[in-house]
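Please look over the sequence and the model below. A short report on its ligand site, cores and some local backbone features follows.

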Amino acid sequence: MNLPEDYQNKMQKMLGGDEYLQYLDSFNYSYGQTLRVNQLKKEPADFIRRFLLDGQVSWCSTGFYYEGEQKLSAHPYYYAGVYYLQEPSAMAPAAFLPVEPGDKVLDLCAAPGGKSTALAAKLQGEGFLLSNDISASRCKPLLKNMEMAGVKNSVITCESPEKLAGRFAGYFDKILVDAPCSGEGMFRREPSMVKSWSPEEVERYAKLQREILTSAAQMMKPGGYLLYSTCTFAKEEDEQTVEYFLEQHRDFSLQELPLCDGIEEGKPEWTIRGREDVKNCRRFLPHKVKGEGHFAALFRKADGVESVDKQCIKEDDISKSVHKETKDKEKMCKDGKTQNTSKVKNVKIPEAMDEFMREIPEWEQWKNRIIFIKERAFLLPENCPDFKGLRVVRSGLYLGDCLKKRFEPSQALAMALKPEEYKRSVSFKAEDICVEKYLRGETVDIEDAGLDGWTLFCVDEFPLGWGKCNRGRLKNKYNPNWRKL
Ligand SMILES: C[S@@+](CC[C@H](N)C(=O)[O-])C[C@H]1O[C@@H](n2cnc3c(N)ncnc32)[C@H](O)[C@@H]1O
């Protein structure tokens, strides 16, 4: 690995001679593949039995090392959103943020969604998750990952943190800032990141992180928790950004994070004023843990007078509110802006949609949270705030399209359902050729000629998407953009 000279000198000074050699040696080995089981779909215990996993990631109860030959990104379970492939240290921030079902959660720098999918799993469908990223192009994989994971209660925006702060003052119970950074901790896995490193970039990121954290603090409820993380070793972006934040925000204090299996405390000597409390932060170094480089700090905002929640709109108002949403992900502008489309129509559920949705047990409870953007129907999260004037990529769960006299259910709806939640489903074993054919977009022959109409196609009882059955043949309705090539 060709590391920049300035970087080498800096790391040598920070770590000391012996440890620096251990760090360099870490470029010669890897810990294998890792995945995080999606608890919206499966309990880890069942999953471990099915796959021979090689041990738990000690700081994340749903994370596992895996040493098998099988390529996990090609397995049908991957397409079913049963797990997310994630580097072990990157599992820590969402694991460390104490999210409870029912919380209002913000993931401010969310794309491509590694941590948002984990936060959504912790919410278990209760509460509200706002996943935001400033980059329109990166919001595309974010949307896909959230849909694959079967998340029902999230809104995705493509906004600047300052703009969100202007709208959501004191609103969120829990906030994650997984900040843009110089990426030193990823040099082993993504050597291309080495090329863009420079001392100036480290300074630039430190400044940006402080700005983002300032906006995050404005959106924090009293008594709420804010988790800050980076994948860099740079003290300017880690301990010193934490130090700056604490000096600017006296109502926030650092909380102690778990210390296990090689994770290290933050270093007071790497702050400008020798702050002892940064010991509560955690450093992940690749020569000490089975993972890449990461840094995490958990802040708590002091209890105080609860700010008035002006953002919440009454359920009755939802149908009247104007939501802006990209018509579809392809319609995002190349310059990073999202195109906003039409106004929400008054909610009158078309008969064809009602007939289809009546098969889903929760439909009656969902009915008063439906919005339409042109022909597209969405289920808003409960107590969803108003996003008027913001660039919304996705408002809740995309249910499907109301076309002339028919309803076409969406891929996202299939991913959010359990097979027992829809009256017609077929399930094949992961090894069955029908699964491969389905994922490639082909028609599939099914034995049950009695099934006619929309059918949920599943692998081992995990939905993969829709098909339309007619006399023993299942016409493929899998999202063409998701097909296995
Ligand atoms: C480390 S990545 C986030 C990874 C993500 N949390 C995950 O786990 O998949 C940092 C993200 O911050 C976004 N970003 C950069 N500048 C930003 C800003 N000013 N506000 C919000 N997000 C920003 C980048 O587009 C990038 O997606």
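Does aspartate 261 count as buried or exposed? At 54% relative accessibility, aspartate 261 counts as exposed. Buried means under 20% relative accessible area, exposed over 50%, and partly exposed in between (1.4 Å probe, protein chains only). Aspartate 261 sits in the loop between strand E10 (252–255) and strand E11 (264–265). Its phi is near 45°, a positive value in a residue other than glycine. Helices (H or I, at least four residues) and strands (E, at least two) are DSSP runs, numbered from the N terminus.

This is a predicted model: local features need pLDDT of at least 70, side-chain atom pairs count only at pLDDT 80 or more, and totals for chains, interfaces and linings use all residues. Residues are numbered from 1 along each chain as its sequence is written, and side-chain values use heavy atoms, with hydrogens and water left out.

**The ligand site**

| Residue | Protein atom | Distance to a ligand oxygen |
|---|---|---|
| Alanine 111 | polar backbone atom | 3.2 Å |
| Lysine 115 | side-chain N or O | 3.1 Å |
| Arginine 138 | side-chain N or O | 2.5 Å |

The protein covers 84% of the 600 Å² of accessible area that the ligand has on its own. Such areas come from the Shrake-Rupley method with a 1.4 Å probe; for residues, only the protein chains shown count as cover.

**Around H6**

H6 is mostly covered, with nine of its 10 residues buried. Among them are Gly114, Lys115 and Ser116. Proline 112 is in the loop between strand E5 (104–107) and H6. A cis peptide bond joins alanine 111 and proline 112, with omega about 5°. Just after H6, glutamine 124 takes a positive phi of about 50°. Glutamine 124 belongs to the loop between H6 and strand E6 (128–132). It is partly exposed, at a relative accessible area of 41%.

**The cores**

A nonpolar core is a set of buried Ala, Val, Leu, Ile, Met, Phe, Trp, Tyr and Cys residues joined through side-chain atoms within 4.5 Å. The largest has 66 residues, and Val177, Met353 and Leu399 have the most contacts inside it. Domain 1 (5–318) and domain 2 (419–482) both give residues to this core, so it lies between them. Those bounds come from an automatic or database domain assignment. A second, separate core has 39 residues, including Ala136 and Met146.

**Two further residues**

Threonine 34 is in strand E1 (residues 33–37). It is buried, with a relative accessible area of 7%. Its side chain reaches the backbone oxygen of glutamine 86 at 2.6 Å.

Aspartate 448 lies in the loop between strand E20 (444–445) and strand E21 (453–459). It is partly exposed, at 42% relative accessible area.

Key: Polar contact = N/O pair within 3.5 Å; in protein donor to acceptor, adjacent residues only side chain to side chain.
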